[in-house]
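Visitor: I'm new to this one. Could you show me how to read the places where something sits, or could sit, in a protein?

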Amino acid sequence: MQKVIKSTDLNKDLSDILSRLSFDKLFLLTDENTERLCYPLVKDNAQIAKAGKIIIKAGDDNKNIETLSSIWKYLSENGATRHSLLINLGGGMLTDIGGFAAASFKRGIKCINIPTTLLGAVDAAVGGKTGINFNGLKNEIGAFAPAETVLIDSAFFKSLDHQNFLSGYAEMIKHGLIDSDKEWLATMSFDTEEIDYEKLKQLVVDSVGVKERIVEIDPFEKGLRKALNLGHTIGHAFESMSYELNKPVQHGYAVAWGIICELYLSHRFCGFPKEKMYKTIYFIKDNYHGFYFDCDHYERLYEYMKHDKKNESDTVNFTFLSDVGRIEINQTASKEDIFDAIDFLRESVGL
Ligand SMILES: NC(=O)c1ccc[n+]([C@@H]2O[C@H](COP(=O)([O-])OP(=O)(O)OC[C@H]3O[C@@H](n4cnc5c(N)ncnc54)[C@H](O)[C@@H]3O)[C@@H](O)[C@H]2O)c1
Ligand SMILES: O=C(O)C(=O)C[C@@H](O)[C@H](O)[C@H](O)COP(=O)(O)O
Ligand SMILES: [Zn+2]
């Protein structure tokens, strides 16, 4: 099972992990921002200071085959063997591509994830989904390949801008919704404007705990893990479409809008309580601005949904909720119902 360490002393925990693992050469993957803002927090470790450094461009449009190939090339040309270790220091884009580079280089080398975004810490770095975007589609190519260890330290979050804070926070709302009233209400009552970092630390531990519990039961998404995809059937379509239109939105924003649509469908088809739906919608409306799709985009959005990994045959599959914490997997909705849900989203966020 994957080890997830909630650190209280980053450098000590990192030294402990590195002394526990055996490897011949160490490599460190960063993007241009985490190199500048996060590397300084780990560079005092003597082994990290000597590691082969691979720096990639930031941004989800770089989670692609060319970047992946450049990581393979660096490893190959700098003496990496099957016994080398890769440390992924960055957000979800970086742990996704770095995890897949590790899973595929010489058929698989070990890696450690050190998530530096809120999104990475509560979600992406944990659970073994790795991969790249391909052909305009999110995570179209990839593998289930958990990092040996995930080292979470909230010290990294202090340099995040507000949009990236909110992007990660959307996955925490998702975890609250699929888990329990207690978790969900905790996310609904957190002050996202004046961030209390001590409070956030505990929320992060609780939130990643939701993911850990689900992944432990169903690591390969055969059943229960589909809960972690709430908001993503429609959310991924918004995200892909935003790149197609050259107006990129962060993953968590797209997921937040996807959650509104999928709670609406949950209410219609599974009886998700109206008042809990509206409480969540108001929170998202207050925090996640900037939705710009209109009905001219609907058919194209639907085309993206046809590629969702939960689909079987020709139907678009969803995870719905019949209440907070009551997960209904393998649900379907017609094209008309999906368009109705996007109409509902546009009305509820005021477009
Ligand atoms: N594998 C999974 O289970 C899983 C789960 C959720 C999301 N994802 C994927 O994760 C990606 C989104 O992750 P993300 O939001 O972390 O994106 P990201 O990795 O692109 O990071 C967002 C931005 O923040 C910068 N950054 C990173 N750490 C920073 C720090 N400490 N201070 C300041 N800036 C920092 C990055 O350079 C980047 O510009 C998407 O590709 C999504 O598909 C994967
Ligand atoms: O861990 C999971 O399982 C998830 O679905 C978590 C999602 O937040 C994440 O965005 C994931 O990458 C989506 O996976 P995909 O299989 O829909 O590409
Ligand atoms: Zn996600």
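Guide: Happy to, and keep in mind that this is a predicted model. Let's start with ligand 2. Domain 1 (3-159) and domain 2 (162-349) both give residues to the shell around ligand 2, so ligand 2 lies between them.

Visitor: Which residues come nearest to ligand 2?

Guide: The shell has 13 residues, and the nearest are Asp123, Lys211, Arg225, Asn229 and Lys309. Helix H7 (162-179) and helix H10 (232-244) each supply at least two residues of that shell.

Visitor: What classes do the residues of the shell around ligand 2 divide into?

Guide: Seven are charged, five are polar and one is nonpolar. Now look at single atom pairs. The side chain of Lys174 has an N or O atom 3.0 Å from an oxygen atom of ligand 2. His232 also places a polar side-chain atom 3.0 Å from a ligand 2 oxygen, and for His251 the distance from such an atom to an oxygen of ligand 2 is 3.0 Å. Taken alone, ligand 2 exposes 430 Å², and the protein buries 93% of that.

Visitor: Let's move to ligand 1. Where does ligand 1 lie?

Guide: Its shell takes residues from both domain 1 (3-159) and domain 2 (162-349), so ligand 1 lies between them. There are 28 residues around ligand 1, with Asp31, Asp60, Gly92, Thr117 and Ser159 coming nearest. By class, nine are nonpolar, 10 polar and nine charged.

Visitor: Which side chains have polar atoms by ligand 1?

Guide: Lys63 is one of them, with a side-chain N or O atom 2.8 Å from an oxygen of ligand 1. In Asp96, a polar side-chain atom lies 2.9 Å from a ligand 1 nitrogen, while Lys138 has one 3.0 Å from an oxygen atom of ligand 1. On its own, ligand 1 has 860 Å² of accessible area, of which the protein covers 91%.

Visitor: Which element gives the most to the shell around ligand 1?

Guide: H5 does, with four residues.

Visitor: And how do you find empty space?

Guide: Rolling a probe the size of a water molecule over the atoms shows where empty space is left. Here, the second largest pocket has a volume of about 250 Å³. Its lining includes Met1, Phe144, Glu212 and Phe220, and helix H9 (residues 197-217) gives the most, with three residues. The lining has eight nonpolar, two polar and two charged residues.

Visitor: Why does the second largest pocket lie between the domains?

Guide: Because domain 1 (3-159) and domain 2 (162-349) both give residues to its lining.

How values were computed. Residues are numbered from 1 along each chain as its sequence is written. Chains are lettered from A and ligands numbered from 1 in the order in which they are written. This is a predicted model: local features need pLDDT of at least 70, side-chain atom pairs count only at pLDDT 80 or more; totals for chains, interfaces and linings use all residues. Side-chain values use heavy atoms; hydrogens and water are left out. On a 1 Å grid over the protein atoms alone, a cavity is a set of points where a 1.4 Å probe fits but cannot get out, and a pocket is an open set with protein on both sides within 12 Å along at least five of seven lines; lining residues have an atom within 4 Å of a point. Grid points are joined across faces, edges and corners, and a volume is the space filled by probe spheres set on the points. Ala, Val, Leu, Ile, Met, Phe, Trp, Tyr, Cys and Pro count as nonpolar, Asp, Glu, Lys and Arg as charged, and the others, Gly among them, as polar. Domain bounds come from an automatic or database domain assignment. A residue is near a molecule or strand if one of its heavy atoms lies within 4 Å of it. A polar contact is a pair of N or O atoms within 3.5 Å; within protein, one must be able to donate a hydrogen and the other to accept it, and residues adjacent in sequence count only if both atoms are side-chain atoms. Accessible areas come from the Shrake-Rupley method with a 1.4 Å probe; for residues, only the protein chains shown count as cover.
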